[in-house]
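Thanks for coming. I will go through one structure today, starting with its pocket and ending with some backbone geometry.

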Amino acid sequence: MLTIVDYGVGNLRSVYMGFRRLGLEVHVTSDLAEIRRAEALVLPGVGAFGDSMARIHALRLEGTLVASVREGKPFLGICIGLQLLFEVSEEMGEHQGLGILAGRVRRFPDNLTVPHMGWNQIHQRRDVPLWRGLPDDSYAYFVHSYYVDPEDPSVIAATTDYGFDYTSAIAQGNLYAIQFHPEKSQDVGERILRNFAIEAGLLEGSS
């Protein structure tokens with residue numbers, strides 16, 4: 001079963017419906033025992049980094065999320081769910097993240113309009129399962145004012161150009177995460193969710 005981590009974020013319902021449209025059985029929970037039993041995990045999120053981490057701490061989810069990734073469970077982060085994987089965010093002060101990946105979350109430069117909102121291209125930097133069946137430079141829907149800056153360039157799966165090329169997707173073993181919103185990205189987003197589900201062994205077939 002696919003499990004979506006519920007820590008009170010606004011896009012949870014739309015992510016849930018995106019996977020349900022694929023015919024998947026989807027469970028939404030904040031219960032630690034249920035998260036540990038999950039076959040695959042999705043960490044969604046919109047809003048401020050610090051508030052998101054505060055909710056994760058309040059629910060005592062941090063250790064379980066980190067352990068799930070390190071134990072090899074298929075894991076997909078979406079939007080803030082990407083940013084939370086990193087060590088530190090500069091959003092409204094400095095906030096510690098989950099620290100699964102080395103690097104910082106930075107604000108777009110002042111010469112750019114923020115948030116970066118609307119359709120933009122995904123430039124594939126590596127051949128990873130999420131991109132199967134997707135042409136390079138496909139368009140997805142973005143809404144964000146901060147971006148991830150990984151220390152290790154080998155984790156970068158895609159970049160997007162918004163005044164400069166920033167990291168818009170990462171992949172490392174069982175861990176995948178994307179800055180854009182697949183649930184708002186029409187056929188491209190549906191393909192990415194399907195590819196994750198196939199890679200996690202939750203759907204049959206190839207991408």
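**Pocket, aromatics and backbone**

The lining of the largest pocket divides into six nonpolar residues, five polar and two charged. Keep in mind that this is a predicted model. The volume of that pocket comes to about 160 Å³. In total 13 residues line the pocket, and Gly 47, Cys 79, Val 143, His 144 and Ser 145 lie nearest its centre. As for secondary structure, at least two lining residues come from helix H5, residues 80-83, and at least two from strand S9, residues 138-144.

Let me stay with Cys 79 for a moment. Cys 79 sits in the loop between strand S4, residues 75-78, and H5. With a relative accessibility of 4%, under the 20% limit, Cys 79 counts as buried. Its phi is near 60°, which is positive, and the residue is not a glycine. For context, most residues other than glycine have a negative phi, and most peptide bonds are trans.

Where else does a residue other than glycine have a positive phi? Met 92 is such a case, with phi near 55°. Met 92 is in the loop between strand S5, residues 86-89, and strand S6, residues 95-96. Here the relative accessibility is 63%, over the 50% limit, so Met 92 counts as exposed.

There is also a cis peptide bond, from Val 114 to Pro 115, with omega near 0°. Pro 115 belongs to the loop between S7 and S8.

Next, the aromatics. Searching the whole structure gives 10 aromatic pairs. One of them is Phe 108 with Tyr 166, edge-to-face, at 5.2 Å centre to centre and 80° between the planes. This pair links distant parts of the chain, 58 residues apart: Phe 108 is in the loop between strand S7 (101-107) and strand S8 (116-124), and Tyr 166 is in strand S12, residues 165-172. Both Phe 108 and Tyr 166 are buried. They also belong to one aromatic cluster, together with Tyr 147, Tyr 162 and Phe 164.

Last, Ser 168, another residue in strand S12. Is Ser 168 buried or exposed? Its relative accessibility is 0%, so Ser 168 counts as buried. What does its side chain meet in a polar contact? The partner is the side chain of Thr 160, at 2.9 Å. Leaving aside residues up to four places away in sequence, Ser 168 touches a set of residues including Leu 82, Phe 142, Ala 158, Ala 177, Ile 178 and Phe 180.

That is the end of the tour.

How values were computed:
Residues are numbered from 1 along each chain as its sequence is written. This is a predicted model: local features need pLDDT of at least 70, side-chain atom pairs count only at pLDDT 80 or more; totals for chains, interfaces and linings use all residues. Side-chain values use heavy atoms; hydrogens and water are left out. On a 1 Å grid over the protein atoms alone, a cavity is a set of points where a 1.4 Å probe fits but cannot get out, and a pocket is an open set with protein on both sides within 12 Å along at least five of seven lines; lining residues have an atom within 4 Å of a point. Grid points are joined across faces, edges and corners, and a volume is the space filled by probe spheres set on the points. Helices (H or I, at least four residues) and strands (E, at least two) are DSSP runs, numbered from the N terminus. Ala, Val, Leu, Ile, Met, Phe, Trp, Tyr, Cys and Pro count as nonpolar, Asp, Glu, Lys and Arg as charged, and the others, Gly among them, as polar. Rings of Phe, Tyr and Trp (its six-membered ring) pair if their centres lie within 6.5 Å; planes under 30 degrees apart count as stacked, over 60 as edge-to-face and the rest as tilted. Buried means under 20% relative accessible area, exposed over 50%, partly exposed in between (1.4 Å probe, protein chains only). A polar contact is a pair of N or O atoms within 3.5 Å; within protein, one must be able to donate a hydrogen and the other to accept it, and residues adjacent in sequence count only if both atoms are side-chain atoms. Contact means heavy atoms within 4.5 Å.
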